[in-house]
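Here is a short tour of one protein model, written for someone meeting it for the first time. Take a look at the structure, then read on.

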Amino acid sequence: MAPSDSHRPSFAERDEQTAALFAQLADASSPGEVDEVVERIVHLYLDLCSTMAARYHGRGIEHDDLVQVARLALVKAVRRYEPGHAPSFASYAVPTISGELKRWFRDRGWVVRPPRRLQELRANLQTVRASLEQQLGATPTDAELAEAVGASVEEVRELAAVATGFRPLSLDSASPDDERSGLVTFLAHADADLERADDRLCLSAALTELDDDERELLLLRYVDGMTQRQIGEARGVSQMQVSRTLRRITEQLHDRLVERVGADEGDLVGADDMVGADGAVPLHAAGTIAAGALGTAS
């Protein structure tokens with residue numbers, strides 16, 4: 001069990017207890033005895049873990065997670081420590097715990113991980129910023145920070161964007177007042193091409209049955225937007241011939257579209273928009289859909 005908070009040993013007392021426990025650890029003859037002594041040493045220094053984790057509070061990682069990392073590092077330090085190779089166990093454990101916390105930030109703390117150069121520069125900048133604020137009595141400028149850390153102003157400004165890599169704003173997050181929609185609402189937009197993708201797919205098979213002349217006629221009318229008169233002049237035929245041919249083609253596509261919608265029993269995405277109240281597909285809809293489907297079938 002952890003020592004009671006009613007009597008915390010002084011640093012000198014804790015060092016004496018630690019030395020005695022490491023002597024017991026050296027004489028331990030069974031795994032169970034080793035684990036028991038290690039646990040007693042760890043309990044003596046749990047407050048050290050909390051103190052060191054608190055140094056990194058507010059940097060984008062939950063405090064409880066940092067404490068957990070520090071405690072695991074403490075166990076690692078107990079396992080590796082060799083009495084006599086350092087003034088005290090605490091002087092050995094502190095850099096070990098600190099190193100593990102920094103490594104956790106570097107390897108696990110980033111949702112969007114920047115280059116290591118920027119990570120190290122960011123850590124240095126945080127320390128320098130606090131020092132300059134005390135010296136200047138005001139918030140240091142980017143130029144002052146850049147000079148202090150030996151970096152360019154552009155790199156300092158880039159770090160402002162890097163800082164969001166710990167906890168980027170979720171697209172699903174709602175506004176603080178919960179009255180407005182999430183960020184995704186402001187980023188999303190209607191995509192007409194995507195909405196007609198199923199329609200184009202529906203008619204792509206029918207379009208492959210058309211010959212080159214019929215496909216070209218659809219392209220001129222529905223893609224290039226030429227009038228029937230302009231098409232007739234370009235092809236050397238009358239407007240009436242163009243009109244009749246277009247009607248025949250769209251009726252053919254219309255029939256195929258009705259067959260497809262009927263076969264899928266309404267499962268086709270977008271079928272509700274194409275089929276009228278009487279279950280018919282308007283001819284103009286078949287022609288419009290065919291214009292988009294031409295690119296798929298080509």
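## The largest pocket

Helix α6 gives the most to the lining of the largest pocket, namely 7 residues. Helices here are DSSP runs of H or I with at least four residues, strands are runs of E with at least two, and both are numbered from the N terminus. Both α5 and α6 supply at least two residues of this lining.

The pocket has a volume of about 430 Å³. Of its 18 lining residues, the closest to the centre are Tyr56, Arg59, Lys102, Phe105 and Ala123. A pocket is an open set of points on a 1 Å grid over the protein atoms alone, where a 1.4 Å probe fits, with protein on both sides within 12 Å along at least five of seven lines; lining residues have an atom within 4 Å of a point. The volume is the space filled by probe spheres set on the points, which are joined across faces, edges and corners.

## About the model

This is a predicted model, in which local features need pLDDT of at least 70 and side-chain atom pairs count only at pLDDT 80 or more, while totals for chains, interfaces and linings use all residues. Residues are numbered from 1 along each chain as its sequence is written, and side-chain values use heavy atoms, leaving out hydrogens and water.

The protein chain has 16 helices and 0 strands. Of its 298 residues, 33% are buried (under 20% relative accessible area, with a 1.4 Å probe and protein chains only).

## Helix α5

How far apart are the end C-alpha atoms of helix α5? They are 27 Å apart, which agrees with the 27 Å that its 19 residues (89-107) should span at 1.5 Å a residue, because the expected span is 1.5 Å times one less than the number of residues.

The buried residues of α5 include Phe89, Ile97, Leu101 and Phe105. Among the elements that cover the buried residues of α5 are α1 (11-27), α2 (31-44) and α6 (116-136).

## The nonpolar cores

A nonpolar core is a set of buried Ala, Val, Leu, Ile, Met, Phe, Trp, Tyr and Cys residues joined through side-chain atoms within 4.5 Å. The largest one has 31 residues, and those with the most contacts inside it include Ile41, Leu74, Phe89 and Leu101. Its largest share, 8 residues, comes from α4. A second, separate core of 15 residues includes Ala206, Leu210, Val242 and Ile249.

How values were computed. Buried < 20%, exposed > 50% of the residue type's maximum accessible area, 1.4 Å probe, protein only. Contact = heavy atoms within 4.5 Å.
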